[in-house]
Amino acid sequence: MLYITKEGDLVKKYILLMIFLTAVVVGPFAYQRWSEARRLRHIRETKQTAAQIHATPLKNFLKRLEQTSPDQTVLVLFTGNTQAHLEPCGCFVGQSGGLPRRATAISGIRNKGFSSLLVDLGGFLPLEPEQMMSDSLEQTTQLDQLRVQTTFTAMEMMGYDVLVSAQPKSDLSENSVEQILTDYRFQWLAAPSKISSPEQHPYLIKTVGSKRIALIELSLLETGQATSIPKKLDSLMSEVQTQADIVIMSSHLQPEVNRRLAEKYPNLSAIMSRDIGETERVGNVLLTYCYPHGKTLGALTLTDAAGQTSAEVKQIALTEEVGDGPDVRELLNDFYEQVASDPQLQSASYPLFSSEALEQDSSNRYIGSEACQGCHEKEFDQWSHSSHATAFNTLQIVGRGYYSKCVSCHVTGFGYSSGYEIGKADSAHLAEVGCETCHGPGKQHTYTPLATNIRGKVEASTCMECHAPEHSPGFEQIVAQLMPEVDHSRTDPSLKQILEQRGRGPIKPQVELFVMSYCPYTVDAEKELLPFFSRYIDEIDFKLRFIVSKKDPSTDGTGEEPEFISLRGETELAEVDSAKI
């Protein structure tokens, strides 16, 4: 009995030892897989949360209108601070906005039988780094001018009633306003102290349904005058209130000033601003704000019940579920065709990293990632598996490889004399986001490798030149989790990890398999890959390619056009033809 007990203890010790050894051997690999899956899940969830638009779906808003009486309700549809954004860039799935979708939303609301006042609250010119001190449309780039003209044409097609002319410091000057007024039929509003032409007015009164709505413009660039504004408004408010049933104010002053205005004039229904902010109510006055870049369409609902007008505001999401208005879509297609055919519209005006010493050194040049491979082969191999190595391909797939606003962050050195140039074959080696995008132009470093003529350590701020909130929502929160994907000391990622990384982009990663259909090695490879394709077929863009050759007509003496031939003869070639069919 004692012997059996000892033997049982020995077995237990053996089992425990095996468990321990298994944990030692397998544990690190299991932990690594778990940690990687957790990292990728955190990245995905953070980006999805940051990309969310807190707005009402169009279908929900339209359904709500069906339960409302058009006789008692009027709408003020508004946008602001659009900065000539024509439509989402496509950098990630779920983006909201775009002129074609806005046209669909406006048309859908009108089709419900509701009268509306359609307003843009200003801020319609692009804001770019070098434009911050610009105060004239003539000083913007040719592409920016075309964007503005396209925006105004689209807004005219949508039937905008009025545009507020007050702009940020980088927008239109008084002369520019007069110039644009000759081309478009908009009613323009300007603050009383800023009126510069007979076409501009401090307020607009329009009959919408059975109500007369007045919109007063109160946008001053000098915030120091804010304390004296209410006194100047007294006479104007008295004049307007005798002519209108509902009075709304357009004010782009500071929120605390708007609150004081609401307290001073409690008979206002709403004060609308083009700036970002949280909707609030001061007494009976509703303070509303805008999403920038035309991401949403604002809808101010004014309902008359028992002689009292109540105001409510909703931001309408313009996501993929909102289709494109065909006329405005055609207008944008014409815009892109014009850009694609005009090299002057493809030039870069705002190169990346313009304040960095390496980029500003005129004796330095971009030479391409292949030049780095000789000394940094491991780092080059790691880069070649990253999303950066296929960044330009994503633009080509969506047909934006000529659009400078997108190209700058998808290539290397765009806007510099030795960098990538659109349509230039001799700069093709600089397509994609290569080594020099992050580390700086490398000509001097290849001649004399020093720590001082290259950016060895890349800070997160460098990444954020392109990975800004507009293009990479949530990036700032997850930059630490993303760095392993560009860590050159990291082991080569698996195919699954590569697909996980690239699957977070706007398009499905493309996987191509090149085969000879009767090759025994091909058959073995296909058997091995079949489980993988079965698992990921809905998450990838898979294309099967057959390898064949062209038959040289000179070899058979017939002079006929080349025919396809295959290594294993007509049987294999017939397999290819069948696949084509």
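## A first look at this predicted protein model

Among contacts in the protein (heavy atoms within 4.5 Å) between residues at least 6 apart in sequence, 68% join residues at least 24 apart. This is a predicted model, in which local features need pLDDT of at least 70 and side-chain atom pairs count only at pLDDT 80 or more, while totals for chains, interfaces and linings use all residues. Residues are numbered from 1 along each chain as its sequence is written, and side-chain values use heavy atoms, with hydrogens and water left out.

**The overall picture**

- The secondary structure comes to 20 helices and 18 strands. Helices (H or I, at least four residues) and strands (E, at least two) are DSSP runs, numbered from the N terminus.
- Of the 581 residues in the protein, 43% are buried. Buried means under 20% relative accessible area, exposed means over 50%, and partly exposed lies in between (1.4 Å probe, protein chains only).
- The protein exposes about 30700 Å², and carbon and sulfur atoms supply 53% of that area. Accessible areas come from the Shrake-Rupley method with a 1.4 Å probe; for residues, only the protein chains shown count as cover.

**Nonpolar cores**

- A nonpolar core is a set of buried Ala, Val, Leu, Ile, Met, Phe, Trp, Tyr and Cys residues joined through side-chain atoms within 4.5 Å.
- The largest core has 55 residues, and Ile109, Phe152 and Tyr420 touch the most other members.
- Several elements each supply at least two residues of this core, including α2 (58-66), β2 (73-79), α4 (142-158) and β13 (296-305). The largest share, 7 residues, comes from α4.
- There is also a second, separate core of 23 residues, which includes Phe78, Val119, Val164 and Leu189.

**A nonpolar patch on the surface**

- Some nonpolar residues sit on the surface: Val11, Val24 and Val25 are among the members of a patch with about 1100 Å² of accessible area together.
- Patches are made of residues with over 30% relative accessible area and no salt bridge; like charges are joined within 9 Å, and nonpolar side chains (Val, Leu, Ile, Met, Phe, Trp, Tyr) within 5 Å.
- Val25 is found in helix α1 (residues 2-51), and Val25 is exposed, with a relative accessible area of 53%.

**Salt bridges**

- The structure holds 14 salt bridges. A salt bridge is a side-chain nitrogen of Lys or Arg within 4 Å of a carboxyl oxygen of Asp or Glu.
- Arg400 and Glu87 meet in a salt bridge through their side chains (3.7 Å, N to O). This pair links distant parts of the chain, with Arg400 in the loop between α12 and α13 and Glu87 in the loop between β2 and α3, 313 residues apart.
- Asp161 and Lys206 also pair up through their side chains (2.6 Å, N to O). Asp161 lies in the loop between α4 and β4 (162-164) and Lys206 in strand β7 (residues 203-208), so the pair ties together parts that are 45 residues apart in sequence. Asp161 is partly exposed at 21% relative accessible area, and Lys206 is partly exposed at 26%.
- Arg274 forms a salt bridge with Asp275, the closest N and O atoms being 3.9 Å apart. Arg274 is buried, at 8% relative accessible area, whereas Asp275 counts as partly exposed at 27%.
- Salt bridges that share partners join Glu87, Asp324, Arg329 and Arg400 into one network.

**A buried charge without a partner**

- Arg102 lies in helix α3 (residues 99-110).
- Arg102 is buried yet has no salt bridge, and the nearest side chain of opposite charge, Asp120, is 5.0 Å away. Here Lys and Arg count as positive and Asp and Glu as negative; His and the chain ends are not counted.
- Leaving aside neighbours within four places in sequence, the contacts of Arg102 include Thr79, Met155, Tyr160 and Leu318.

**Backbone angles to look for**

- Most residues other than glycine have a negative phi.
- Gln83, although not a glycine, has a positive phi of about 55 degrees. Gln83 sits in the loop between β2 and α3 and is buried, with a relative accessible area of 11%.
- Ala84 is not a glycine either, and has a positive phi of about 60 degrees. Ala84 is found in the loop between β2 and α3 and is buried, at 0% relative accessible area.
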